[in-house]
Amino acid sequence: MRWFKKVLIFKFFKILTIFFSIFFNSIAFGAVSSFVNSFEVGLNDSGNGQNQPTGVQFNPDGTRMYVSGISGNWILQYSLDTPFDVSSVNNDLAGQICNFGESIAKDGANLEFNSDGTKIFMADRDQEVIEQFKLTTAYDISTCVHEDEIDLGITTLSDLAFSRDGMKLFIYDQNVGAGQQYTVEQFALTSPYNLTNANLVATYTGPNGSIRTNIQQFAQAMVFNIEGTKMYITGARATATATHGGVYEFTLSSPFDLNGTITYEGEFDVSAQVGEIAGLTFSANGSKMYITDFTHGGDEPGDRGVYEYNLTCSFGVIKCIDPSKNKDDVATMQSQTQSVKKLIKHSTSPVLNRMQWLRRNENKANLTNQNIKFQFNNEILNSLSKTLIPVFFSNDVSSNLNSQNSNWSIWSEGTISIGKSGDNTYSSAKDISTTAITFGADKRNENNIMRGIALRLGSDDVDVGDLGSALDMSTISLTLYGTDPKGDNKFADTLIGVSILNSDTINSDGSNTTTSERNGIQIYGSYNFRNTYNYDLLNYTPKIKFDLGGTHLEGYSEKGSDILTYRFQDQFIGHLMTTVGTSLDKNFEFNDKSFVPYLDLNYTADISPSSSQKFTHISTGEKFILENINNTTHNFNAGIGLDLITDKGLNLMSKYTIDQSKQENKKNFVISADYRASYKSSYALSVHETSTEISYKSKHNNLNFDVTSNLDFFADDPEYGIYLKVYALK
């Protein structure tokens, strides 16, 4: 055992040494955009087409393309054999036209769909209103029906866009006239995509100087990326770098918010292909950009067409999007760091609970306690809780051990913890669920010194934001622990342990997903000093605890589209936390039973050094860094519970805890009971939140029977089951 401790201590200090020797750097590379091909949308032999195309859009999977224009009072719908590839367009337009006539929109410009493709909103440049159409079949414009027109008082309506949730509307106002300039206007909506009573809340007139002058004479198109952190606008006036205008990129400090800081990133020149820019859009994952050429009467191939460009990083026309500024990406990276730091607390708490339980019940002969009596959501943990525990750590087995004059006591503890970390300006909300089982064994010598070992199997599930990003981390922790008397009613609890981690990460923007797998190792230690004072059988125990640890997470690469994937470097995470608190308990003796209610109050300061994560865009080589992950936090923890121990075989344990900090709160409740009718049989009942479980164990000669049933009685679709196990002990 000594050599094992030495190895753990050596690795622990090695990790801490590496952690404190890290330094940070960041190198940036520009995005690269390249022309691929084009598709001409001019009038065909049947008279269908757009000689002056103004707008272009795609359905979410890229199998349909829609083009609007002012040369025909219709929207054209094309089929694509290869998603988002304009060279694969099926040019058969039969039955694929939304023909609304000159009475509705004589000068139709750009268009937008709502989130489910059942509505179209189009800028009408003739009447300066927004035309609204309903589609009977989603994304099938041959089923379009004109519903309404909305007048927002726009001077020269050029384009429109919505926020991701449809609660914000943006208008690109050309403002043609002497002394006038283009503006982007932001409106707040009362419900998604409902333009009634739209309220103007912000305007943006672009950067000062030549950039504003270049764009303002003939503003055309406006688009946001999915997260709303980038805005792209176009202008058709000749500039020093683009004969007929370019694509101008802006970064927004606050997503879909013109009131925040807006940074101009630069202009992308398309003059080599496009005569006059009109419409602008992107593929769903931002890997491609599309521009419509408004040129009228030109004879060059591709005039009056849709032009396709490849981007080397998602929505990176000028500059790749910095994931360290994206709320969901930040929350996903934070989740990895937060989960491994909380793992130390989760690994040490059951052991410390065990040692406190021992002290509360130190005069009892049987120190075996089983607090794992409920169903787990994680299938692996559930299987282990119903197979390994009953066979090797059941009360029947422990009784045999005790009957053979063994000093070893067997114990187990199950944990389910549910919490939420709130949304803020730089990170999305995180829903956190932790499920774990811990089982261990310890023995006490004649000097009241106790030593033990514990094994914990845990699973952390974190749902990030509302677009499908998530973290699933599985852990195995081995802990060596001991408690030593330091005088009358004074005890020092110490432990040291190691954890192996494996996490699966899903990173989603709502339309595109990347996956990754990461491994890690963690070494941790804890020292807890307690001094108990007795006042008329009331035990008052002030305590102080120090937790120390270090974690090494291996580097990994995401899998998915090259433009979306990143390579993450190794990450070293330090852990230093101190806790001060007190507990109160009182032992009530009633003939053959003991009743011990108790109260815990704790304040914890996490003063761990901030961590950082370096990562590189796989396709472009652009480097990023997320710094200051997990600054100092302060938590207040309160717990109330009771132990009931009888000489006739009935044991009851319950505990309810609240863990509150500025960033999040967690609540946990466990109640467990077991009853031994005789040496050969026992019963158990447990309630955890909405789940109830009843079990019966019986021994006949060397054959053991274990019957367990469970019911989730508050679920919308109640879950229930029965479990039977028959096994032999040799």
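**Reading cavities, cores and loops**

Modeller: Helix H3 contributes five residues to the lining of the largest cavity, the most of any element. The model is predicted, and every value here is computed from it.

Biologist: How many cavities does the structure hold, and how much space lies in the largest cavity?

Modeller: A cavity is a space where a 1.4 Å probe fits but cannot get out. This structure has nine of 30 Å³ or more. The largest cavity holds about 430 Å³. Its lining is made up of 29 residues, and the closest to the centre are Glu-227, Asp-329, Asn-507, Leu-564 and Tyr-566.

Biologist: Which elements give two or more residues to that lining?

Modeller: Helix H3 (327-360) does, along with strands E27 (490-508), E28 (513-531), E32 (566-568) and E36 (611-617).

Biologist: What does the lining have by class?

Modeller: There are 13 nonpolar residues, eleven polar ones and five charged ones in the lining of the largest cavity.

Biologist: What share of the contacts in the chain joins residues 24 or more positions apart?

Modeller: Counting contacts with a separation of 6 or more, 57% are between residues 24 or more positions apart. Ser-38 belongs to strand E1 (residues 33-40) and is partly exposed, at 29% relative accessibility.

Biologist: How should I read a nonpolar core, and which residues have the most contacts inside the largest one?

Modeller: In soluble globular proteins, nonpolar side chains tend to be buried together. Here the largest nonpolar core has 19 residues, and those with the most contacts inside it are Val-247, Leu-280, Phe-282, Met-289, Ile-291, Tyr-309 and Val-317. At least two residues of this core come from each of strands E15 (219-224), E19 (277-282), E20 (288-293) and E21 (305-311).

Biologist: What is Val-247 in contact with?

Modeller: Setting aside neighbours within four places in sequence, the contacts of Val-247 include Leu-280, Met-289, Ile-291 and Val-317. Thr-234, Gly-266 and Glu-267 are also among them. A second, separate core has 17 residues, including Phe-170, Ala-202, Leu-252 and Phe-256.

Biologist: Next, backbone angles. What is phi at Tyr-139, and is Tyr-139 buried or exposed?

Modeller: Tyr-139 is not a glycine, but its phi is positive, about 65 degrees. Tyr-139 sits in the loop between strand E9 (129-135) and strand E10 (144-150). With a relative accessible area of 14%, Tyr-139 counts as buried, because that value is under the 20% cut-off. Beyond residues up to four places away in sequence, Tyr-139 touches, among others, Asn-59, Pro-60, Arg-64, Tyr-66 and Phe-113. The C-alpha atom of Met-65, 74 residues away along the chain, is 9.8 Å from that of Tyr-139.

Biologist: And where is Asn-197?

Modeller: Asn-197 occupies the loop between strand E13 (183-188) and strand E14 (199-204). Its phi is also positive, near 60 degrees, in a residue other than glycine. Asn-197 counts as exposed, at 64% relative accessibility, whereas Tyr-139 is buried.

Technical notes:
Residues are numbered from 1 along each chain as its sequence is written. This is a predicted model: local features need pLDDT of at least 70, side-chain atom pairs count only at pLDDT 80 or more; totals for chains, interfaces and linings use all residues. Side-chain values use heavy atoms; hydrogens and water are left out. Contact means heavy atoms within 4.5 Å. On a 1 Å grid over the protein atoms alone, a cavity is a set of points where a 1.4 Å probe fits but cannot get out, and a pocket is an open set with protein on both sides within 12 Å along at least five of seven lines; lining residues have an atom within 4 Å of a point. Grid points are joined across faces, edges and corners, and a volume is the space filled by probe spheres set on the points. Helices (H or I, at least four residues) and strands (E, at least two) are DSSP runs, numbered from the N terminus. Ala, Val, Leu, Ile, Met, Phe, Trp, Tyr, Cys and Pro count as nonpolar, Asp, Glu, Lys and Arg as charged, and the others, Gly among them, as polar. A nonpolar core is a set of buried Ala, Val, Leu, Ile, Met, Phe, Trp, Tyr and Cys residues joined through side-chain atoms within 4.5 Å. Buried means under 20% relative accessible area, exposed over 50%, partly exposed in between (1.4 Å probe, protein chains only).
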